[in-house]
Amino acid sequence: MRNLLRSHPTEARLLVVLVALCAGLGIGSDQFLTLGNAASLLNNSSVNLIWAVGLLVVLIAGGIDISFAVAASVVQYLCVYAFAGLGGGNWLIGFLVAGALGAGLGFVNAGLIHGFRVISIVITIATFNAYFGLLMFFTSGRFLYDLPGWWSRRIIIVEHQSADGRWAELTLPVAVMLVCVIATWALINRTSTGRQLYAFGDNPEGARRAGVKVATMQFIAFGWCGMMAGIGGLMQVNITREVVPNALIGRELDVLAAVVLGGARLGGGRGSVLGCVLGVMLVAITQNGLNLLGVSPYAFKMIVGATILIAISTASLRFGRAPVRGHGTARKGH
Amino acid sequence: MTAAEPAADPAERTATESPALRLAHVSKLFGGVRALDDVAFALGRGEVHCLAGENGCGKSTLIKIVTGVHAPEPGAEIEIFGQPVTSVTPTLARGLGIAVIWQDLALFPEMTVAENIAFDTLVGGRPRGVNYRAMRGLAAGVLDRLGVGLDLDARLNTLPIADRQIVAIARALAGDARLIFMDEPTASLTQSETDSLLAIVRALSARGVAIVFVSHRLAEVLEIASRVTVLRDGRLVGVYPTAGMTQSRLTELMTGRQFSHAVRARDLAAERAVLVLDGLARRGEFEGIGLTIRAGEIVGLTGLIGSGRTELAHAVFGLTRPDAGTIRLDGRALELRSNRDAVAAGIAYVPEDRLALGLIQPQSIADNIVLSVLPGITGGAGLISEPARAGVVGHWLRELAIRIGRPSDPVSTLSGGNQQRVVLAKWLATKPRLLILDSPTVGVDVGAREGIFAIIRDLAAQGLAILLISDEVPEVYFNADRVLHMAGGRLVGEYDPRQITLAELEERIYA
Amino acid sequence: MRAMITAITRRFGPEVPALVGFLAVVVAIFGLAAPRFLSLANFDSMAFQLPELGLLTLAMLVPIISGGLNLAIIYTANIAGLTLAWVLLQFGGAEAGPGAFVLGVAAALLVGAAAGAVMGLVIAHIGAHPILVSLAMMIFLRGLGEFLTRGGDISGFPSYLAPIGHGSVLGLPVPMLIFLVAALVWHVMLTRTRHGFAVYMIGSNIRAAAYSGLHTRRTLTLIYTLSGVLCAVAGILMLTRFNSVRVGHGEALLLITVLACFLGGVDPFGGFGRVLPVVLALVILQVLSSGLNLLGANQHLSTAVWGLFLIGVMILRWVAGKVGQGRKRKDL
């Protein structure tokens, strides 16, 4: 714990807040600390977590991606047609197609950002509008329910019946989420590429002088984020059993808030998978707890927003301001 | 003087017989500006060679070309350890045994000391797993060789600047480099740290490592290097042995001009006291500071990095609040809640870090000048008056002889010397009573420094009280009326330049 | 001609001639493709549609110039609209008198200012990143609004409000007048006042600005407070135009405002940006959307075209930069 506190102060404090929150909710509601509730929390947070770790990689590399949630919707629609074209498809094809399509949309961002030397927020806001507008235009906002059976079938990975007869079930999205989280952790902490991503986000000019290839970094970061967006989109359909073109728009900002809450720095170079998971779970558990305490669902978001605002404002949870923008290493070139 | 003077010197013989690096016909254009023009450069194995010249002479560009950060214009010849190289990349340069300590360090503030030192093992080749243990081992080994103890797991941004400099040096030594470029490696080191760095340089040289040393501290250069290559305005001036070379001769070669040095101290004890500090203290920074600066007096304040001089300046300028003691200006006790109070009271402060704190680089020269006097040029309706603004800008551009294209150009387009004049203009426009200058010549060319000091002396002659902070002892010795020595947060000595020689003063301060 | 362009560039920013050129091309294309495009009715309808996005974009502009972002603009506008609606309902809804309206407008402006001030204070004093702070405020205000309205509409306002949203004065639509006044005030504020001066300096380098004696915290607080006030104006206008208030109304405009700023040449790193080019960018966006609409496309295609247009402009700027560099090289 002491090590964690020193090397990852934001994560450590977040963990303390989370434990306190759980303890409080455990006392306030007898349903909170049950296996069933924990399982449903995980089931419901899995898609956000998949997206969050994808976005984390972009943030670490010093970028930002506004377009990923809309990209996930685009992937969902393209998947429906791709699976139909591939004779129905199966899970293997599903992951390959969704991951590849997502990564492809990420590469579009990376190509524009690197090729024309434009900051990522400008490009991803442009692609956000382009992807969403085109999707709504071509689909005319149509919902799709006629999906391959394997895709919309609920798959239970682990189940457990507790003493009172209730079932606690973990579904496929949770397993996929775990794989994505671990893969992202391995990428950014255990590979040379991942460390280069950190270095590139931290000091782009220094990284360039050390021989880090800037284009490669952009393509890996945005490609990874896009791939996670695609896989998250695939899982979202598995949960909701429908494809709705405007179901995911707006989620990008909620996920961004959670990831930044988890200690990832806007501006690059800082952020961890642990903090990212804690940030997402803090928001999810707050909502879940409010629900169990019988608070009106309309009040959830208000309280979540207030929680984040208070968290930012408490001196003990201090998030460093990104270095002054428009100065020094933020700009590319000599 | 433009051609290389013959130097029958053993170092030159090594350079031709077993060269570490040989460059010829190297040119570089940046958007039309000729940063390097047909430059040649060579050094031999084991040689310590100094690259000298004013800022903007092309030193850094030369280093960036050799290390593959910039590509030279076509026609350049580059030979590294006898091997002709057509296009250099950072990875290739490292593979050939080249390492650099960059002036701006080029480190990664969010990463640990160990990762910074061993970072180059992560770059190039195929993506692979990270062996943290090996990285730590490598880092520990290098730091051991340097004889310094640093926490390997500390994040770099938690370390003081001097320690970061050591990390940068360690990083350059971590690979088995055979040719090391050191761009201002001692800029933020204390004397003892500098001494140990110079000892390391000698040891490396003895093992056959070639070192290109760039420093504006000419005494250091002459002490460590065997030969010196001088560049001016992107062109080669010549290659000279350091044996028999003097600092003033080298300055002449670098600037193309001659300078005279004379002690200019005056006795101003009869003048009215402008600033009086009494028992000023701030926990962990400085304590028991008492000093007086009189009207028209230039008081030099020197001391090593970490002696508390900049912290003291911050407190007098209202950026931090002292725990004890009083600040009096013109006999009035000041209670400074912020630097805005200090400005209003008549205190101006030129910070050491001109790039990041002194000026707003991307904004215009005009805006940087009027920044501090906005209320004065605002009309009745709360709108800034264009004529008043142009008047202030025009006045100070003339007064300080700032040579610029247009006042609307970004201030970043100016040379270091002219930038420093803009900083001065900004503060002089507030009509201050006390001017604090913190290392005003850092990053300013040798030639332009004299111009800055001429302005400072002129201001003093008009009755302004000036506190001149600098770690360059000669700078305060030749320009101040009195020299104060600060160490460990206390004032430990006061000297009259007329009663002590420069050598004696340096001896006392570095002892 | 060249001298005129130089004069315009110096006065209003280097983006203006290019944006005017873009506008001319777009207008010419739609004028040829859609006969009804160059009609008075079409211009009138554009002039009614643009102000809503325009006011919100101005509210986004100053935070971006200061190096930040205000992602809470839409919901600040919604909450302000809600405040006005609540005051009107307290005084009898459709029967509420003009006094109630004035009171409601004052309350709405106050609420908008308060929302902005809270963000400004947190950003200025805690030093948290504006994206995070405004995002949290956005989530909070959205939740608050949904909590208060239970996700429904509020309507039934006095009929004398209609002219504000739909009327014209001297041939100019009232919303357009409101927008033009706001744009003029913003232009003067940014170019001629001490606050505006400080906004640019803070946007480029906040620490150096503080060292030079600028009151950076007060400036930051004021930036977001004024942004909130302008959001409130937009919220009031939205109420009068639709004769109803719904939380989430205008949600899709959030990132369009950022897009319009970037299109108008505002530096995403902060420190640079002007009102006139941004207004021109807004006009181009409106022309694109109205023109496409006349050709039978829906709003979604316009959204896509807006996004693609921004990408195109960024590519053109890059090309222009390359060409400019090449030319300089040849000069020597």
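**View 1. The interface of chain C and chain B, where the rule finds 0 salt bridges.** In this predicted model, the side of chain C that touches chain B draws two or more residues from each of the helices α8 (174-192), α9 (194-204), α10 (206-211) and α14 (299-331) of chain C. By class, that side of chain C is made up of 11 nonpolar, 7 polar and 6 charged residues. Counting both partners, 24 residues of chain C and 35 residues of chain B take part in the contact. The area buried between chain C and chain B comes to about 2500 Å², with carbon and sulfur atoms giving 61% of this area. Although the rule finds 0 salt bridges here, there are 10 residue pairs in polar contact between chain C and chain B, counted where both residues are at pLDDT 80 or more.

**View 2. The interface of chain A and chain C, with 2 salt bridges across it.** The size of an interface is often given as the accessible area that is lost when the parts come together. For chain A and chain C the buried area is about 4800 Å², and carbon and sulfur atoms give 76% of it. In this contact, 51 residues of chain A meet 52 residues of chain C. Between the two chains there are also 3 residue pairs in polar contact, again with both residues at pLDDT 80 or more. On the side of chain A that touches chain C, at least two residues come from each of α5 (91-115), α6 (120-139), α12 (251-261) and α14 (297-313) of chain A. Of these, α6(A) gives the most, with 13 residues. That side of chain A divides by class into 34 nonpolar, 10 polar and 7 charged residues.

**View 3. Salt bridges that join residues of two chains, shown by Arg142(C) with Asp254(A) and by Glu115(B) with Arg195(A).** Side chains of opposite charge can pair when their charged atoms come close. Over all chains the structure holds 33 salt bridges, and in one of them the side chains of Arg142(C) and Asp254(A) meet at 3.2 Å, taken from N to O. In another, the side chain of Glu115(B) meets that of Arg195(A) at 2.5 Å, N to O. This second pair joins two chains, because Glu115(B) lies in helix α4 (residues 113-117) of chain B while Arg195(A) lies in helix α9 (residues 192-202) of chain A.

**View 4. The largest cavity, with a volume of about 180 Å³.** Rolling a probe the size of a water molecule over the atoms shows where empty space is left. By the rule applied here, the structure has 8 cavities of 30 Å³ or more, and the largest has a volume of about 180 Å³. Of the 14 residues that line this largest cavity, Arg209(A), Arg94(B), Ala99(B), Val100(B) and Asp120(B) are the closest to its centre. The lining receives at least two residues from each of α10 (204-209) of chain A and α3 (90-95), β6 (98-101) and α6 (161-174) of chain B. By class, the residues of the lining divide into 8 nonpolar, 2 polar and 4 charged.

Key
Residues are numbered from 1 along each chain as its sequence is written. Chains are lettered from A and ligands numbered from 1 in the order in which they are written. This is a predicted model: local features need pLDDT of at least 70, side-chain atom pairs count only at pLDDT 80 or more; totals for chains, interfaces and linings use all residues. Side-chain values use heavy atoms; hydrogens and water are left out. Contact means heavy atoms within 4.5 Å. Buried area is the accessible area (1.4 Å probe) that two parts lose on being put together, summed over both. A salt bridge is a side-chain nitrogen of Lys or Arg within 4 Å of a carboxyl oxygen of Asp or Glu. A polar contact is a pair of N or O atoms within 3.5 Å; within protein, one must be able to donate a hydrogen and the other to accept it, and residues adjacent in sequence count only if both atoms are side-chain atoms. Helices (H or I, at least four residues) and strands (E, at least two) are DSSP runs, numbered from the N terminus. Ala, Val, Leu, Ile, Met, Phe, Trp, Tyr, Cys and Pro count as nonpolar, Asp, Glu, Lys and Arg as charged, and the others, Gly among them, as polar. On a 1 Å grid over the protein atoms alone, a cavity is a set of points where a 1.4 Å probe fits but cannot get out, and a pocket is an open set with protein on both sides within 12 Å along at least five of seven lines; lining residues have an atom within 4 Å of a point. Grid points are joined across faces, edges and corners, and a volume is the space filled by probe spheres set on the points.
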